[in-house]
Amino acid sequence: MTFKNSLKRHIGDLFALCGLVAVTALITSIILTAPPLTKSGPPSATDHTLLVLMVTVAGTIFSALIASRIRHLMLRLVDSTLQRSMTPLGSLPGASATLARLDTKWRGILAIDSISEKSGNLPIVLIYVFCALMTTSIVTTFTPVTYVRTLSYHPLIPDANYDPEKTCVYMANSSFADPRAYSWSLPNGSHFFIPANAGGCPTRFAEILSGNINSISPDEYAYSDMGVAVETGAIGAPVSIYSSQPNASVALEQLLQSHGTFLLNTTQCVPVMVKNPFQCRPGGALQYGGHATVGNAGVYYQEVTALSSDGTCNVSSLFQLPTTENVTSANLMLNTFCPASGNDSIGKGTTVLTGNFAYGYWLASFANDPNGNVSATPGYTYAVTCTVDASDVFSYRKVTLSLQSSNTGVNTSFARTLSSSGEECQPVQPTISNILFATVAGANWQLLSQNLGIDGLTDSLGQATRNWRKPPYAFPNSRNPLEDSLGLVAALVVSRVNNSGRYVPAEDSKGEYAYIQATRLGTGKRETLLLLIPLVTTAIVLLALIIMSFRDGQGQSQSESHPLGAVGKDSIPCTESLQRLIGLVTALELETRF
(Lines give C-alpha, C1' and ligand atoms only; values in the text may rest on other atoms or scores of the structure.)
Protein backbone atom coordinates (compact mmCIF):
# COMPACT_ATOMS: atom_id res chain seq x y z
CA MET A 1 0.00 0.00 0.00
CA THR A 2 1.37 3.38 -0.96
CA PHE A 3 1.98 6.09 1.59
CA LYS A 4 -0.74 8.21 0.01
CA ASN A 5 -3.31 5.42 0.27
CA SER A 6 -2.26 4.66 3.82
CA LEU A 7 -2.61 8.33 4.77
CA LYS A 8 -6.04 8.46 3.17
CA ARG A 9 -6.99 5.35 5.09
CA HIS A 10 -6.17 7.05 8.40
CA ILE A 11 -7.52 10.51 7.68
CA GLY A 12 -10.43 10.07 10.13
CA ASP A 13 -8.08 8.85 12.84
CA LEU A 14 -5.77 11.83 12.32
CA PHE A 15 -8.69 14.25 12.56
CA ALA A 16 -9.74 12.56 15.80
CA LEU A 17 -6.21 12.89 17.17
CA CYS A 18 -6.05 16.58 16.23
CA GLY A 19 -9.41 17.18 17.88
CA LEU A 20 -8.26 15.40 21.03
CA VAL A 21 -5.06 17.44 21.16
CA ALA A 22 -7.05 20.67 20.67
CA VAL A 23 -9.48 19.79 23.46
CA THR A 24 -6.57 18.87 25.73
CA ALA A 25 -4.87 22.19 25.03
CA LEU A 26 -8.12 24.09 25.63
CA ILE A 27 -8.73 22.35 28.96
CA THR A 28 -5.11 22.99 29.98
CA SER A 29 -5.55 26.68 29.22
CA ILE A 30 -8.79 26.84 31.22
CA ILE A 31 -7.21 25.08 34.21
CA LEU A 32 -4.23 27.44 34.20
CA THR A 33 -6.12 30.70 33.55
CA ALA A 34 -9.62 30.02 34.98
CA PRO A 35 -11.35 32.55 32.69
CA PRO A 36 -14.26 34.47 34.29
CA LEU A 37 -17.81 34.03 33.05
CA THR A 38 -19.43 36.83 35.04
CA LYS A 39 -18.25 40.06 36.70
CA SER A 40 -20.32 39.23 39.77
CA GLY A 41 -22.73 36.54 40.80
CA PRO A 42 -23.53 33.23 39.10
CA PRO A 43 -25.33 32.84 35.77
CA SER A 44 -29.05 32.34 35.97
CA ALA A 45 -30.34 28.89 36.86
CA THR A 46 -31.55 28.42 33.30
CA ASP A 47 -28.22 29.46 31.75
CA HIS A 48 -26.33 27.24 34.19
CA THR A 49 -28.52 24.23 33.40
CA LEU A 50 -28.29 24.75 29.64
CA LEU A 51 -24.51 25.17 29.77
CA VAL A 52 -24.00 22.00 31.81
CA LEU A 53 -26.41 20.10 29.57
CA MET A 54 -24.67 21.18 26.36
CA VAL A 55 -21.21 20.46 27.78
CA THR A 56 -22.32 17.02 28.98
CA VAL A 57 -23.85 16.11 25.61
CA ALA A 58 -20.86 17.46 23.68
CA GLY A 59 -18.39 15.71 25.98
CA THR A 60 -20.24 12.42 25.72
CA ILE A 61 -20.36 12.59 21.92
CA PHE A 62 -16.71 13.59 21.68
CA SER A 63 -15.60 10.76 23.99
CA ALA A 64 -17.71 8.28 22.02
CA LEU A 65 -16.15 9.41 18.73
CA ILE A 66 -12.61 9.04 20.10
CA ALA A 67 -13.49 5.63 21.55
CA SER A 68 -14.92 4.53 18.17
CA ARG A 69 -11.70 5.49 16.36
CA ILE A 70 -9.63 3.59 18.91
CA ARG A 71 -11.93 0.59 18.54
CA HIS A 72 -11.65 0.79 14.76
CA LEU A 73 -7.86 0.85 14.91
CA MET A 74 -7.63 -2.04 17.37
CA LEU A 75 -10.00 -4.13 15.25
CA ARG A 76 -7.96 -3.35 12.17
CA LEU A 77 -4.76 -4.48 13.90
CA VAL A 78 -6.39 -7.71 15.12
CA ASP A 79 -7.79 -8.35 11.66
CA SER A 80 -4.37 -7.72 10.14
CA THR A 81 -2.73 -10.09 12.62
CA LEU A 82 -5.27 -12.73 11.73
CA GLN A 83 -4.66 -12.27 7.98
CA ARG A 84 -0.88 -12.44 8.37
CA SER A 85 -1.28 -15.65 10.33
CA MET A 86 -3.21 -17.33 7.48
CA THR A 87 -1.42 -19.81 5.20
CA PRO A 88 -2.13 -19.90 1.49
CA LEU A 89 -4.42 -22.85 2.20
CA GLY A 90 -6.46 -20.86 4.66
CA SER A 91 -5.53 -22.81 7.79
CA LEU A 92 -4.05 -21.31 10.93
CA PRO A 93 -0.74 -22.76 12.07
CA GLY A 94 -0.36 -23.52 15.75
CA ALA A 95 -2.77 -24.66 18.36
CA SER A 96 -6.31 -23.51 18.83
CA ALA A 97 -5.10 -21.51 21.86
CA THR A 98 -3.70 -18.86 19.51
CA LEU A 99 -7.04 -18.51 17.83
CA ALA A 100 -8.77 -18.39 21.21
CA ARG A 101 -6.55 -15.51 22.31
CA LEU A 102 -7.36 -13.58 19.16
CA ASP A 103 -11.06 -14.28 19.67
CA THR A 104 -10.90 -13.08 23.29
CA LYS A 105 -9.08 -9.91 22.27
CA TRP A 106 -11.61 -9.32 19.49
CA ARG A 107 -14.51 -9.72 21.90
CA GLY A 108 -12.80 -7.31 24.33
CA ILE A 109 -12.41 -4.69 21.63
CA LEU A 110 -16.10 -4.98 20.81
CA ALA A 111 -16.90 -4.85 24.57
CA ILE A 112 -18.83 -8.11 24.38
CA ASP A 113 -16.38 -10.16 26.44
CA SER A 114 -17.46 -11.76 29.70
CA ILE A 115 -16.38 -10.58 33.12
CA SER A 116 -13.92 -13.46 33.39
CA GLU A 117 -12.41 -12.53 30.03
CA LYS A 118 -11.84 -8.90 31.04
CA SER A 119 -8.84 -9.81 33.19
CA GLY A 120 -7.11 -11.01 30.05
CA ASN A 121 -8.17 -7.86 28.22
CA LEU A 122 -7.13 -5.47 31.01
CA PRO A 123 -5.22 -3.04 28.73
CA ILE A 124 -8.27 -2.75 26.49
CA VAL A 125 -10.54 -2.24 29.50
CA LEU A 126 -8.28 0.52 30.81
CA ILE A 127 -8.25 2.24 27.41
CA TYR A 128 -12.05 2.38 27.40
CA VAL A 129 -12.08 3.58 31.02
CA PHE A 130 -9.85 6.51 30.10
CA CYS A 131 -12.08 7.23 27.11
CA ALA A 132 -15.11 7.35 29.42
CA LEU A 133 -13.28 9.55 31.91
CA MET A 134 -12.70 12.12 29.20
CA THR A 135 -16.38 13.06 29.55
CA THR A 136 -15.82 13.67 33.26
CA SER A 137 -12.79 15.86 32.55
CA ILE A 138 -14.64 17.90 29.93
CA VAL A 139 -17.79 18.40 32.02
CA THR A 140 -15.80 19.26 35.16
CA THR A 141 -13.66 21.80 33.31
CA PHE A 142 -16.52 23.57 31.54
CA THR A 143 -18.95 23.63 34.48
CA PRO A 144 -19.28 27.16 36.01
CA VAL A 145 -17.57 27.51 39.38
CA THR A 146 -18.21 30.20 41.97
CA TYR A 147 -15.08 32.02 43.14
CA VAL A 148 -14.05 35.22 44.93
CA ARG A 149 -12.93 37.98 42.61
CA THR A 150 -10.57 40.68 43.94
CA LEU A 151 -10.91 44.32 42.93
CA SER A 152 -8.94 47.40 43.90
CA TYR A 153 -11.03 49.49 46.30
CA HIS A 154 -10.69 53.15 47.27
CA PRO A 155 -12.69 53.96 50.43
CA LEU A 156 -12.72 57.47 51.89
CA ILE A 157 -12.82 58.88 55.43
CA PRO A 158 -12.95 62.49 56.75
CA ASP A 159 -9.62 64.29 56.93
CA ALA A 160 -8.03 65.84 60.02
CA ASN A 161 -8.43 69.49 59.09
CA TYR A 162 -10.49 72.36 60.49
CA ASP A 163 -12.89 74.39 58.43
CA PRO A 164 -13.93 77.97 59.31
CA GLU A 165 -17.43 77.16 58.08
CA LYS A 166 -17.74 74.20 60.46
CA THR A 167 -18.43 74.83 64.13
CA CYS A 168 -18.21 71.38 65.75
CA VAL A 169 -14.48 71.56 66.63
CA TYR A 170 -12.15 74.51 66.17
CA MET A 171 -9.30 76.53 67.60
CA ALA A 172 -10.26 79.87 69.20
CA ASN A 173 -8.03 82.82 70.09
CA SER A 174 -7.38 84.34 73.49
CA SER A 175 -10.53 86.46 73.36
CA PHE A 176 -12.65 83.34 73.37
CA ALA A 177 -15.62 83.76 75.73
CA ASP A 178 -18.12 81.04 74.74
CA PRO A 179 -19.61 79.60 77.95
CA ARG A 180 -20.69 76.35 76.32
CA ALA A 181 -18.96 73.06 77.12
CA TYR A 182 -16.23 72.13 76.35
CA SER A 183 -12.93 73.96 75.80
CA TRP A 184 -9.29 73.27 76.58
CA SER A 185 -7.22 76.30 77.61
CA LEU A 186 -3.75 76.07 76.13
CA PRO A 187 -0.54 77.68 77.47
CA ASN A 188 -0.34 80.11 74.54
CA GLY A 189 -3.71 81.61 75.53
CA SER A 190 -5.73 79.98 72.74
CA HIS A 191 -8.60 77.59 73.31
CA PHE A 192 -9.48 74.32 71.63
CA PHE A 193 -13.26 74.35 71.58
CA ILE A 194 -15.88 71.68 71.01
CA PRO A 195 -19.40 73.09 71.46
CA ALA A 196 -20.95 69.79 72.49
CA ASN A 197 -24.50 71.15 72.40
CA ALA A 198 -24.21 72.67 68.91
CA GLY A 199 -26.92 71.47 66.55
CA GLY A 200 -25.84 68.99 63.90
CA CYS A 201 -22.60 68.07 65.67
CA PRO A 202 -21.87 64.40 66.46
CA THR A 203 -22.16 65.01 70.22
CA ARG A 204 -25.86 65.83 69.78
CA PHE A 205 -26.53 62.20 68.77
CA ALA A 206 -25.04 60.55 71.85
CA GLU A 207 -28.36 59.81 73.55
CA ILE A 208 -29.82 58.17 70.46
CA LEU A 209 -26.66 56.23 69.70
CA SER A 210 -26.32 54.88 73.23
CA GLY A 211 -29.17 52.47 72.50
CA ASN A 212 -26.96 50.72 69.92
CA ILE A 213 -24.56 49.40 72.55
CA ASN A 214 -24.55 45.63 72.96
CA SER A 215 -24.59 45.24 76.72
CA ILE A 216 -25.62 41.57 76.57
CA SER A 217 -22.86 39.93 74.52
CA PRO A 218 -20.15 42.52 73.76
CA ASP A 219 -17.68 39.71 73.07
CA GLU A 220 -19.67 39.04 69.86
CA TYR A 221 -19.98 42.66 68.79
CA ALA A 222 -19.53 45.95 70.64
CA TYR A 223 -22.42 47.89 69.10
CA SER A 224 -24.61 48.02 66.04
CA ASP A 225 -24.68 51.00 63.75
CA MET A 226 -26.71 51.45 60.55
CA GLY A 227 -27.36 47.73 60.35
CA VAL A 228 -23.69 46.85 60.87
CA ALA A 229 -22.43 44.83 63.82
CA VAL A 230 -19.17 46.51 64.84
CA GLU A 231 -16.88 44.06 66.59
CA THR A 232 -14.45 44.98 69.34
CA GLY A 233 -11.47 45.22 66.97
CA ALA A 234 -13.16 47.97 64.92
CA ILE A 235 -14.60 50.20 67.65
CA GLY A 236 -14.77 53.85 66.59
CA ALA A 237 -14.11 53.21 62.88
CA PRO A 238 -15.47 56.05 60.70
CA VAL A 239 -19.06 55.54 59.64
CA SER A 240 -18.16 56.58 56.09
CA ILE A 241 -16.76 53.10 55.36
CA TYR A 242 -19.97 51.24 56.20
CA SER A 243 -22.86 53.71 56.12
CA SER A 244 -25.93 52.72 54.10
CA GLN A 245 -27.22 56.28 53.90
CA PRO A 246 -27.18 57.88 50.43
CA ASN A 247 -23.91 59.68 49.59
CA ALA A 248 -22.45 58.84 53.01
CA SER A 249 -20.16 56.11 51.67
CA VAL A 250 -19.72 56.77 47.97
CA ALA A 251 -17.15 54.04 47.29
CA LEU A 252 -19.26 51.38 49.01
CA GLU A 253 -22.42 52.65 47.33
CA GLN A 254 -20.80 52.31 43.89
CA LEU A 255 -19.72 48.77 44.63
CA LEU A 256 -23.21 47.81 45.76
CA GLN A 257 -24.75 49.36 42.65
CA SER A 258 -22.40 47.34 40.44
CA HIS A 259 -22.37 44.03 42.29
CA GLY A 260 -25.33 44.07 44.67
CA THR A 261 -25.56 41.18 47.10
CA PHE A 262 -22.52 39.51 45.53
CA LEU A 263 -20.19 41.98 47.27
CA LEU A 264 -18.58 39.93 50.04
CA ASN A 265 -15.96 42.04 51.82
CA THR A 266 -14.08 45.31 51.68
CA THR A 267 -10.88 46.26 53.46
CA GLN A 268 -9.78 49.68 54.65
CA CYS A 269 -7.09 51.26 56.83
CA VAL A 270 -8.79 53.47 59.42
CA PRO A 271 -8.30 54.79 62.97
CA VAL A 272 -10.01 52.70 65.64
CA MET A 273 -10.13 52.90 69.43
CA VAL A 274 -7.93 50.10 70.72
CA LYS A 275 -8.58 50.87 74.38
CA ASN A 276 -11.04 52.72 76.58
CA PRO A 277 -10.24 56.39 77.33
CA PHE A 278 -12.50 56.30 80.44
CA GLN A 279 -11.32 54.82 83.71
CA CYS A 280 -14.00 55.07 86.41
CA ARG A 281 -13.58 54.36 90.11
CA PRO A 282 -15.81 54.97 93.14
CA GLY A 283 -14.91 58.33 94.63
CA GLY A 284 -16.02 61.92 94.90
CA ALA A 285 -18.86 63.51 96.80
CA LEU A 286 -22.34 64.99 96.53
CA GLN A 287 -22.77 67.98 98.83
CA TYR A 288 -25.91 69.88 99.82
CA GLY A 289 -25.89 73.65 99.79
CA GLY A 290 -28.50 76.22 100.74
CA HIS A 291 -32.02 76.52 99.35
CA ALA A 292 -34.26 79.30 98.16
CA THR A 293 -38.00 79.85 97.94
CA VAL A 294 -39.33 81.10 94.63
CA GLY A 295 -42.72 82.75 94.30
CA ASN A 296 -45.80 82.34 96.44
CA ALA A 297 -46.19 78.65 95.59
CA GLY A 298 -43.63 77.71 98.21
CA VAL A 299 -41.38 75.86 95.79
CA TYR A 300 -37.89 75.21 97.07
CA TYR A 301 -34.74 75.04 94.94
CA GLN A 302 -32.03 73.00 96.64
CA GLU A 303 -28.42 73.64 95.68
CA VAL A 304 -26.37 70.45 95.15
CA THR A 305 -22.66 70.20 94.29
CA ALA A 306 -20.82 67.29 92.73
CA LEU A 307 -17.09 66.94 93.44
CA SER A 308 -14.45 64.66 91.95
CA SER A 309 -12.34 62.50 94.20
CA ASP A 310 -9.44 64.98 94.00
CA GLY A 311 -11.68 68.06 94.21
CA THR A 312 -10.42 69.54 90.94
CA CYS A 313 -13.67 68.99 89.06
CA ASN A 314 -16.97 70.23 90.45
CA VAL A 315 -20.35 71.51 89.38
CA SER A 316 -23.30 72.97 91.25
CA SER A 317 -26.96 73.07 90.31
CA LEU A 318 -30.36 73.87 91.77
CA PHE A 319 -33.00 71.16 92.05
CA GLN A 320 -36.67 71.85 92.61
CA LEU A 321 -38.13 70.24 95.75
CA PRO A 322 -41.60 70.29 97.28
CA THR A 323 -41.74 72.07 100.61
CA THR A 324 -42.48 68.82 102.39
CA GLU A 325 -39.51 66.90 100.97
CA ASN A 326 -36.09 66.80 102.55
CA VAL A 327 -33.19 66.85 100.12
CA THR A 328 -31.57 63.84 101.82
CA SER A 329 -34.39 61.57 100.64
CA ALA A 330 -34.74 63.09 97.17
CA ASN A 331 -33.75 61.08 94.09
CA LEU A 332 -31.17 63.32 92.40
CA MET A 333 -28.22 62.94 90.03
CA LEU A 334 -25.61 65.52 89.13
CA ASN A 335 -22.83 64.90 86.63
CA THR A 336 -20.23 66.87 84.72
CA PHE A 337 -17.05 66.75 82.68
CA CYS A 338 -14.10 69.07 83.30
CA PRO A 339 -11.51 69.45 80.53
CA ALA A 340 -7.87 69.41 81.58
CA SER A 341 -5.55 72.36 80.91
CA GLY A 342 -1.92 72.82 79.97
CA ASN A 343 0.33 71.26 77.36
CA ASP A 344 -0.99 68.18 75.57
CA SER A 345 -4.25 68.47 77.45
CA ILE A 346 -6.69 68.17 74.53
CA GLY A 347 -8.85 65.11 74.95
CA LYS A 348 -8.08 64.79 78.64
CA GLY A 349 -10.17 65.63 81.67
CA THR A 350 -12.30 64.33 84.52
CA THR A 351 -15.88 63.11 84.57
CA VAL A 352 -17.90 63.06 87.79
CA LEU A 353 -21.19 61.24 88.35
CA THR A 354 -23.08 61.49 91.63
CA GLY A 355 -26.38 60.14 92.91
CA ASN A 356 -28.55 60.85 95.91
CA PHE A 357 -30.77 58.41 97.80
CA ALA A 358 -32.12 55.67 95.44
CA TYR A 359 -30.29 57.22 92.50
CA GLY A 360 -27.04 56.70 94.42
CA TYR A 361 -27.79 53.00 94.65
CA TRP A 362 -28.63 52.92 90.93
CA LEU A 363 -25.36 54.70 90.06
CA ALA A 364 -23.47 52.04 92.03
CA SER A 365 -25.14 49.42 89.82
CA PHE A 366 -23.82 51.25 86.73
CA ALA A 367 -20.30 50.67 88.01
CA ASN A 368 -21.07 47.19 89.34
CA ASP A 369 -19.62 48.26 92.70
CA PRO A 370 -20.58 45.70 95.35
CA ASN A 371 -19.79 48.22 98.09
CA GLY A 372 -22.59 50.37 96.75
CA ASN A 373 -25.09 47.54 96.76
CA VAL A 374 -26.81 48.70 99.97
CA SER A 375 -30.28 49.80 100.93
CA ALA A 376 -30.68 53.49 100.26
CA THR A 377 -31.51 55.57 103.33
CA PRO A 378 -32.01 59.34 103.63
CA GLY A 379 -28.67 61.06 103.21
CA TYR A 380 -27.14 58.17 101.21
CA THR A 381 -24.99 59.41 98.32
CA TYR A 382 -22.73 57.70 95.83
CA ALA A 383 -20.10 59.20 93.52
CA VAL A 384 -17.86 57.98 90.68
CA THR A 385 -14.82 59.81 89.31
CA CYS A 386 -13.61 58.95 85.80
CA THR A 387 -10.30 60.02 84.35
CA VAL A 388 -10.48 60.69 80.63
CA ASP A 389 -7.52 60.48 78.26
CA ALA A 390 -8.29 60.07 74.55
CA SER A 391 -4.84 61.09 73.37
CA ASP A 392 -3.46 57.55 73.16
CA VAL A 393 -6.46 55.34 72.44
CA PHE A 394 -6.45 55.55 68.63
CA SER A 395 -4.43 53.38 66.30
CA TYR A 396 -4.62 52.53 62.62
CA ARG A 397 -5.98 49.08 61.91
CA LYS A 398 -6.96 47.12 58.85
CA VAL A 399 -10.70 46.55 59.18
CA THR A 400 -12.97 44.37 57.09
CA LEU A 401 -16.57 45.07 56.22
CA SER A 402 -18.25 41.71 55.63
CA LEU A 403 -21.57 41.71 53.83
CA GLN A 404 -24.46 39.29 53.70
CA SER A 405 -23.03 36.79 51.20
CA SER A 406 -19.82 36.14 53.11
CA ASN A 407 -19.28 33.48 55.75
CA THR A 408 -17.97 35.90 58.37
CA GLY A 409 -20.02 37.42 61.15
CA VAL A 410 -21.78 34.10 61.73
CA ASN A 411 -22.07 34.80 65.46
CA THR A 412 -24.64 37.51 64.87
CA SER A 413 -27.89 37.89 63.01
CA PHE A 414 -26.64 41.04 61.28
CA ALA A 415 -26.24 41.05 57.51
CA ARG A 416 -23.10 43.19 57.77
CA THR A 417 -20.18 43.01 60.17
CA LEU A 418 -17.19 45.31 60.70
CA SER A 419 -14.22 43.53 62.22
CA SER A 420 -10.46 43.59 62.51
CA SER A 421 -7.86 40.94 63.18
CA GLY A 422 -5.67 43.57 64.82
CA GLU A 423 -3.41 44.01 61.79
CA GLU A 424 -1.72 47.40 61.99
CA CYS A 425 -1.48 49.64 58.95
CA GLN A 426 -0.19 53.06 58.00
CA PRO A 427 -2.55 55.19 55.90
CA VAL A 428 -1.30 57.26 53.02
CA GLN A 429 -2.74 60.31 54.80
CA PRO A 430 -3.04 60.28 58.62
CA THR A 431 -6.33 61.32 60.22
CA ILE A 432 -5.73 60.86 63.96
CA SER A 433 -5.70 64.36 65.46
CA ASN A 434 -6.92 66.57 68.28
CA ILE A 435 -10.32 66.63 66.58
CA LEU A 436 -10.83 62.97 67.48
CA PHE A 437 -9.37 63.41 70.99
CA ALA A 438 -11.65 66.32 71.86
CA THR A 439 -14.74 64.66 70.40
CA VAL A 440 -14.18 61.50 72.44
CA ALA A 441 -13.68 63.45 75.66
CA GLY A 442 -16.82 65.53 75.17
CA ALA A 443 -18.92 62.81 73.54
CA ASN A 444 -21.04 62.03 76.62
CA TRP A 445 -22.19 65.63 77.22
CA GLN A 446 -25.77 64.78 76.31
CA LEU A 447 -25.94 61.77 78.64
CA LEU A 448 -24.29 63.59 81.55
CA SER A 449 -26.74 66.49 81.28
CA GLN A 450 -29.84 64.38 80.69
CA ASN A 451 -32.82 65.53 82.79
CA LEU A 452 -30.72 68.34 84.23
CA GLY A 453 -33.05 70.77 86.01
CA ILE A 454 -35.52 68.00 86.85
CA ASP A 455 -33.87 65.15 88.74
CA GLY A 456 -30.67 64.74 86.66
CA LEU A 457 -31.34 61.05 85.98
CA THR A 458 -28.92 59.67 83.34
CA ASP A 459 -31.48 57.17 82.19
CA SER A 460 -29.87 56.45 78.80
CA LEU A 461 -26.57 55.65 80.45
CA GLY A 462 -28.37 53.33 82.85
CA GLN A 463 -29.98 51.45 79.99
CA ALA A 464 -26.59 51.04 78.32
CA THR A 465 -24.75 49.79 81.40
CA ARG A 466 -27.52 47.50 82.71
CA ASN A 467 -27.61 47.00 86.45
CA TRP A 468 -24.77 45.10 88.08
CA ARG A 469 -23.47 43.80 84.77
CA LYS A 470 -20.39 41.64 84.97
CA PRO A 471 -17.73 40.98 82.27
CA PRO A 472 -17.15 40.51 79.42
CA TYR A 473 -16.81 44.10 78.27
CA ALA A 474 -16.10 45.51 74.83
CA PHE A 475 -12.79 47.25 75.57
CA PRO A 476 -9.86 45.14 76.74
CA ASN A 477 -9.06 47.55 79.58
CA SER A 478 -12.62 48.15 80.83
CA ARG A 479 -13.17 47.05 84.42
CA ASN A 480 -16.81 47.95 84.91
CA PRO A 481 -19.89 48.50 82.73
CA LEU A 482 -19.99 52.25 83.39
CA GLU A 483 -16.64 53.07 81.85
CA ASP A 484 -17.23 50.54 79.07
CA SER A 485 -20.52 52.26 78.14
CA LEU A 486 -18.99 55.75 78.29
CA GLY A 487 -16.22 54.58 75.95
CA LEU A 488 -18.64 52.98 73.50
CA VAL A 489 -20.85 56.07 73.36
CA ALA A 490 -17.71 58.08 72.62
CA ALA A 491 -16.79 55.60 69.85
CA LEU A 492 -20.22 55.92 68.22
CA VAL A 493 -20.01 59.71 68.39
CA VAL A 494 -16.45 59.98 67.08
CA SER A 495 -17.28 57.68 64.17
CA ARG A 496 -19.40 60.53 62.80
CA VAL A 497 -16.75 63.26 62.95
CA ASN A 498 -16.49 65.17 59.69
CA ASN A 499 -15.16 68.55 60.69
CA SER A 500 -14.01 69.90 57.33
CA GLY A 501 -16.33 68.09 54.93
CA ARG A 502 -13.33 66.83 52.97
CA TYR A 503 -12.22 63.22 52.56
CA VAL A 504 -8.95 61.34 52.17
CA PRO A 505 -8.22 57.73 51.13
CA ALA A 506 -8.66 55.09 53.82
CA GLU A 507 -5.78 53.13 52.31
CA ASP A 508 -2.28 52.10 53.18
CA SER A 509 0.60 51.69 50.75
CA LYS A 510 -0.44 48.11 49.97
CA GLY A 511 -3.85 49.22 48.77
CA GLU A 512 -7.35 48.14 49.75
CA TYR A 513 -9.56 45.58 48.11
CA ALA A 514 -13.13 44.53 47.57
CA TYR A 515 -14.02 40.87 47.22
CA ILE A 516 -16.82 39.90 44.85
CA GLN A 517 -18.57 36.58 44.36
CA ALA A 518 -18.35 35.76 40.65
CA THR A 519 -18.33 32.77 38.30
CA ARG A 520 -15.57 31.33 36.15
CA LEU A 521 -14.56 28.17 34.33
CA GLY A 522 -12.25 25.99 36.37
CA THR A 523 -11.25 26.27 40.00
CA GLY A 524 -7.86 27.87 39.37
CA LYS A 525 -6.20 25.15 41.47
CA ARG A 526 -3.19 23.31 40.10
CA GLU A 527 -4.41 19.94 41.34
CA THR A 528 -7.15 20.07 38.70
CA LEU A 529 -4.39 19.35 36.17
CA LEU A 530 -5.14 15.74 37.09
CA LEU A 531 -8.17 16.11 34.82
CA LEU A 532 -5.72 15.97 31.90
CA ILE A 533 -4.71 12.37 32.66
CA PRO A 534 -7.61 10.72 30.76
CA LEU A 535 -7.15 13.07 27.80
CA VAL A 536 -3.37 12.75 27.56
CA THR A 537 -3.47 8.98 28.05
CA THR A 538 -6.14 8.57 25.38
CA ALA A 539 -4.19 10.80 22.99
CA ILE A 540 -1.04 8.69 23.49
CA VAL A 541 -3.01 5.48 22.89
CA LEU A 542 -4.64 6.89 19.78
CA LEU A 543 -1.31 8.12 18.41
CA ALA A 544 0.33 4.75 19.09
CA LEU A 545 -2.49 2.87 17.36
CA ILE A 546 -2.31 5.17 14.33
CA ILE A 547 1.45 4.59 14.04
CA MET A 548 1.06 0.81 14.43
CA SER A 549 -1.78 0.69 11.91
CA PHE A 550 0.13 2.90 9.47
CA ARG A 551 3.19 0.63 9.61
CA ASP A 552 1.04 -2.44 9.35
CA GLY A 553 -0.67 -1.08 6.25
CA GLN A 554 2.70 -0.37 4.64
CA GLY A 555 3.78 -3.98 5.21
CA GLN A 556 0.63 -5.59 3.86
CA SER A 557 1.84 -5.30 0.26
CA GLN A 558 3.85 -8.46 0.92
CA SER A 559 0.70 -10.49 1.55
CA GLU A 560 -1.06 -9.51 -1.65
CA SER A 561 0.62 -12.45 -3.55
CA HIS A 562 -1.30 -15.06 -1.51
CA PRO A 563 -3.53 -17.35 -3.59
CA LEU A 564 -6.45 -16.30 -1.45
CA GLY A 565 -6.46 -12.86 -2.96
CA ALA A 566 -9.16 -11.68 -0.59
CA VAL A 567 -7.03 -12.38 2.43
CA GLY A 568 -5.20 -9.25 3.65
CA LYS A 569 -7.01 -6.99 1.16
CA ASP A 570 -7.94 -3.59 2.52
CA SER A 571 -11.40 -4.04 1.10
CA ILE A 572 -12.24 -6.90 3.48
CA PRO A 573 -14.58 -5.57 6.16
CA CYS A 574 -14.03 -6.46 9.79
CA THR A 575 -17.34 -8.33 9.91
CA GLU A 576 -16.18 -10.61 7.08
CA SER A 577 -12.93 -11.30 8.93
CA LEU A 578 -14.91 -12.06 12.04
CA GLN A 579 -16.97 -14.62 10.11
CA ARG A 580 -13.74 -16.21 8.79
CA LEU A 581 -12.43 -16.37 12.36
CA ILE A 582 -15.58 -18.13 13.54
CA GLY A 583 -15.30 -20.57 10.59
CA LEU A 584 -11.71 -21.37 11.44
CA VAL A 585 -12.65 -22.14 15.03
CA THR A 586 -15.32 -24.58 13.81
CA ALA A 587 -12.89 -26.27 11.39
CA LEU A 588 -10.30 -26.72 14.11
CA GLU A 589 -12.90 -28.26 16.41
CA LEU A 590 -13.87 -30.78 13.70
CA GLU A 591 -10.22 -31.72 13.11
CA THR A 592 -9.80 -32.34 16.80
CA ARG A 593 -12.77 -34.72 16.91
CA PHE A 594 -11.45 -36.85 14.06
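1. Ground rules. The model is predicted, so to speak: local features need pLDDT of at least 70, side-chain atom pairs count only at pLDDT 80 or more, and totals for chains, interfaces and linings use all residues. Residues are numbered from 1 along each chain as its sequence is written, and side-chain values use heavy atoms, with hydrogens and water left out.

2. Disulfide overview. There are four disulfides in the structure, a disulfide being a pair of cysteine sulfur atoms within 2.5 Å. Number the bonded cysteines of the chain in sequence order and the pairing reads 1-2, 3-8, 4-7, 5-6.

3. Cys269 and Cys425. This disulfide has an S to S distance of 2.1 Å. The torsion about its S-S bond is about 95 degrees, so the Cys269 and Cys425 link is right-handed. Cys269 sits in strand 8 (residues 263-273) and Cys425 in the loop between strand 17 (416-424) and helix 10 (434-442), so the pair ties together parts 156 residues apart in sequence. Helices (H or I, at least four residues) and strands (E, at least two) are DSSP runs, numbered from the N terminus. Both ends are buried: Cys269 has a relative accessible area of 1%, and Cys425 has 10%. Buried here means under 20% relative accessible area, exposed over 50%, and partly exposed in between (1.4 Å probe, protein chains only).

4. Cys280 and Cys386. Here S to S is 2.0 Å, and with 110 degrees about the S-S bond the Cys280 and Cys386 link is right-handed. Cys280 belongs to strand 9 (residues 278-282) and Cys386 to strand 15 (residues 381-389), so this bridge ties together parts that are 106 residues apart in sequence. Cys280 and Cys386 are both buried.

5. Cys313 and Cys338. The sulfur atoms of this disulfide are 2.0 Å apart. Its S-S torsion is about 75 degrees, so the Cys313 and Cys338 disulfide is right-handed. Cys313 is found in the loop between strand 11 (299-307) and strand 12 (314-321), with Cys338 in strand 13 (residues 332-339), so the parts tied together are 25 residues apart in sequence. Cys313 is buried at 1% relative accessibility, and Cys338 is buried at 19%.

6. Helix 2 against helix 6. Helix 2 (residues 11-33) packs on helix 6 (residues 122-142) at about 40 degrees, their axes 10 Å apart. Axes are lines fitted to C-alpha atoms, for helices over the stretch in contact, and angles run from 0 to 180 degrees between N-to-C directions. That makes helix 2 oblique to helix 6; angles under 35 degrees count as roughly parallel, over 145 as roughly antiparallel, 65 to 115 as roughly perpendicular and the rest as oblique. On the helix 2 side, Leu20, Val23, Leu26, Ile27 and Ile30 meet Met134, Ser137, Ile138, Thr141 and Phe142 of helix 6 (contact means heavy atoms within 4.5 Å).

7. Backbone spots to look at. The peptide bond from Pro471 to Pro472 is cis, with omega near 15 degrees, and Pro472 lies in the loop between helix 12 (459-465) and helix 13 (481-494). Asn247 is not a glycine, yet its phi is positive, near 65 degrees. Asn247 is placed in the loop between strand 7 (228-230) and helix 8 (250-259), and is exposed, with a relative accessible area of 63%.
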